[in-house]
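Thanks for making the time, everyone. I would like to walk you through one model this morning, beginning with a single element and then stepping back to a whole chain.

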Amino acid sequence: MKKIFVCTALVLALAGSAFGAPFKLGGTAPLTGGAAIYGMAARNGAQIAVDEINAAGGDITFELRYEDDTHDAEKAVNAYNALKDWGMQVSLGSVTSKPCEATAAENFADRIFALTPSASSAAVTEGKDNVFQMCFVDPNQGSASAQYIAEKKLATKVAVIWKNDDVYSKGIRDTFIEKAPTLGLEIVSDMTFADGNDTDFSVQLTDAQTKGAELVFLPMYYQPASLILAQAQGMGYAPKWFGVDGMDGILTMEGFDKSLAEGVMLLTPFNADSTDPKTVAFVAEYKKRFNEVPNQFAADGYDCVYAFKQALENAKANPDQDADEICPLLIEQFTTMVFNGVTGENVRWSANGEVTKDPKGMVIQNGAYVGLD
Amino acid sequence: MRRLINLKRVEARRIYLTYFVVIAAYVICQTMSSTKMMSSSMRGMLVPICAYMVMAVSLNLVVGISGELSLGHAGFMSVGAFSGVATAILLQNLLPFAPVRLAIAMISGAVFAALAGFLIGIPVLRLKGDYLAIVTLAFGEIIKSILNNFYLGVDSAGLHFSMLSDTTRLLPGGQLIIRGPMGISRIMKIATFPAGFILVMIALAIVFNLVNSRFGRGFMAIRDDRIAAESIGLDVTKFKLTAFVMSAALAGAAGCLFSLNYSTIVANKFDFNTSILILVFVVLGGQGNMLGSIIAAAALTILPEKLREFSDYRMLLYAVILIMTMLITNNDNIKAFFQNILPGSKAKFQKEESDA
Amino acid sequence: MVFLNFFISGISLGSIYAIIALGYTMVYGIAKMLNFAHGDVIMVGAYVCFYAVARYELPPVLGVLIAMLLCTFLGIIVERLAYKPLRQAPSLAVLITAIGVSYFLQNAALLLWSSNPKVFPSIIGRGAYKLFDGALSVSHVTVLTIVTCLLIMIVLSLFINKTRLGKAMRACSEDKSAAQLMGINVNATISLTFAIGSGLAAVAGALLCSAYPTLMPTTGSLPGIKAFTAAVFGGIGSIPGAFLGGLMLGVIEIFAKAYISSQLSDAVVFAVLIIVLLVKPAGLLGKQVTEKV
């Protein structure tokens, strides 16, 4: 029986590749330079999904191509144009926010549907009916964090340390600062850093400490956050720490002393230690292929491809159609469908492209994530 | 006396050759682009290439003609970009005709950048050599840092500025144009290739006229021997400042053109690496050689795109090609070879050798 | 007390700038070349040290020695392939080549070691000396960095002033063609300078990452630019100048963050640099060269 099953699967796989040509799926990402870590992860995640889908051999198959944008709007548009020359039918936008704002404008003008895994600024989807996000939009994360801290009564005096030249960090911080006072939180310290001085945080931490902050909010990626945690321990400052989805990945940094992150709370849609079978399978495959634990970017990339598969299937799109024919079909699907992936269950999209899914409150205990609720 | 006339003729020939190459390239690209013979990838690069050409020509005025090493040229590009784009957004409703709006935006970018160039030039030009280089780098970083903390909004009551955080308190219906580290978003893309071509021609005309005037001879004199030039009564600072301000203004216009080709800009785009990139164009094209700068700007912008097929090895290869080009163009044997087959270039190489 | 704590943070940061600046200034002093790839050699040194200590579990001292050895070797190869053929070329051509080398090293590191940040195991531990009942704390890394800086300064000064090779270096720095006429092998001397500079870079890399422990392919580039600024600040080419410039830059940066604005601290640092250079155009301890007519 099993043999027959394998045989049919094989035949189906062959048939799939013989009849339906693959959809050309393209995206731009920083694959070189300082932001390469995010781009590489998103690409790897998407590649795993594409390989799984193609191996399963359904009606929908993909050919994936990622081009390097070095985290720069100009290069992203170049990369996007190269993908257009290749014949891209559906687009994964760009991985980082500013480049994605530039490519999203091109997507809109060319009528190529885009679902970005991780470009989270509000300007990415604003005013564009065919650009969607897989990740939370920054302002939502800021207000969700403030709400969570207030509701769970984690603290009343809060300090914020954020990255001044980063759209992501600034976007979250702005709504957090706006929202917090209305919920009874007091912002006692609001300090920044930038690319050129992201090594020493003693000033920011001292400010938070002397002003009596009970909780420090860190809207940033995990790499500077790891330095902040280490330096705070060095000065003997132990407030509650609260992070956002960019903080995910801190536990998997090679050589990171996990005890530093003990008690750190974060809102993240993805948790690599989850026991959900989909996540377990994805994490195992990722570890096998890339020798690393996937972070949130990889999971977003993975989910994007599956969301595309579901939408294309439902819309009965076929790969001979041009990008501008597929675009209205996908807009219709994405505004109506419900998607279940590794970054969330019951994921829906609003007409303006923003995603609604439940952020999970996580706390790090004994070097692993534990659900807070 | 005869040598002088000959030299002049060679100079003139080089100038006409430069104009000719630019015009021919424009005609070819424009035809290919409008007949759809050109790939989207190339079409998308036409405007940035024009902007980089102007950047290279303007930096060459400082580095090649005036002989000062500037590592902060992207700072002026940035000033021009932000002021020009802000102007374009403010005029959006007043001037529906895009080409006029683009022209005014570029002029505004040039004026603001020239102002920055003037303010920075006064202290900077008192220094020499590598110290001047580091101070221009410092100013580039300062401009970046300030623009990352600058907010500009407009509402019915007029313009509002603020630093560090957004305290503009716009009236309802107002629009925050520059949003600190988030830069400017939702820019209407009005930059066009013909406009880029015109800007390149204007930049060339300005630079050539400056070089081949009494002013230009003053520049050369100062570059070749500052003390001798001073002793015959040339006002060194005035000459240098003129070149510096001119160069800043052109960079500002180029920055504006560049930014109006994308829907978003941030100050971080115009960092030290961009300054270095422009410097690479100038050095590769030859100091003082405008045609060289233009060709180098185009070639080095297209090169990384053509290397895409090597995927992950792309930037590694780019680095290798950059190093190899520097080694080859500075190899005496190869130089001598080109000298023999290209008669017109003789004067140029002789000049370069005397520089070294 | 808060003021003193900031001062100590400034010194810690500054000591890192200082040790990187030493390498910059030495190469500039002898070879008259701005080696923009120095920051990336530091990154390579840090990676080698990371693999030796974290993966192969060698003792830290051995790890640093291996890193020094490999970086010296790397410095010699880079010098031979990329800089030596340009000895007669204009200085700008060499500058651009150095930038090419910097791109090359960063991208090679990206391919070799991936973009994922690694947390560097401190070569000395994360402890700190507590003073005044713990009101002030000075981390072990800071003390080690300053001691290493001083040691390197003394050894370098002795080497340059007392040995025959050092004499040859000074001669090359003063006047290359005259040195050649005196029978000094200018080429070999400059190559030696690069070898020493790259070896120092490995030590700087290990200390940089012990103090601020995330390691990525771009780790060296921004501290590299800051350290270059520090070297100019102190007077480029002057070894004590690099040390002083580094420490001052660190302190100014921290104070600017604490007392002016954390957003504009970089602008303040560079503004101070500009003012210093306007008052003392050759930096704090630089030699003022008078022009001969």
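This is a predicted model: local features need pLDDT of at least 70, side-chain atom pairs count only at pLDDT 80 or more; totals for chains, interfaces and linings use all residues.

**Helix 3 of chain A, then chain C**

Helix 3 of chain A, residues 73–86, has 14 residues and reaches 20 Å from its first C-alpha to its last, close to the 20 Å expected at 1.5 Å a residue, where the expected span is 1.5 Å times one less than the number of residues. Residues are numbered from 1 along each chain as its sequence is written, and chains are lettered from A, with ligands numbered from 1, in the order in which they are written.

Helices here are DSSP runs of H or I with at least four residues, and strands are runs of E with at least two, numbered from the N terminus.

How many residues of helix 3 of chain A are buried? Twelve of the 14 are, buried meaning that 20 or more other C-beta atoms, placed from the backbone, lie within 10 Å of the residue's own; among them are A:Tyr80 and A:Leu83. The cover includes strand 1, strand 2, strand 3 and helix 4 of chain A, together with helix 2 and helix 11 of chain B. Just after the helix, A:Gly87 takes a positive phi of about 105°.

Turning to chain C, its secondary structure comes to eleven helices and four strands, and buried residues make up 57% of its 293 residues. Its C-alpha trace spans about 60 × 50 × 35 Å along the principal axes.

Technical notes
Two residues are in contact if their C-beta atoms, placed from the backbone, lie within 7 Å.
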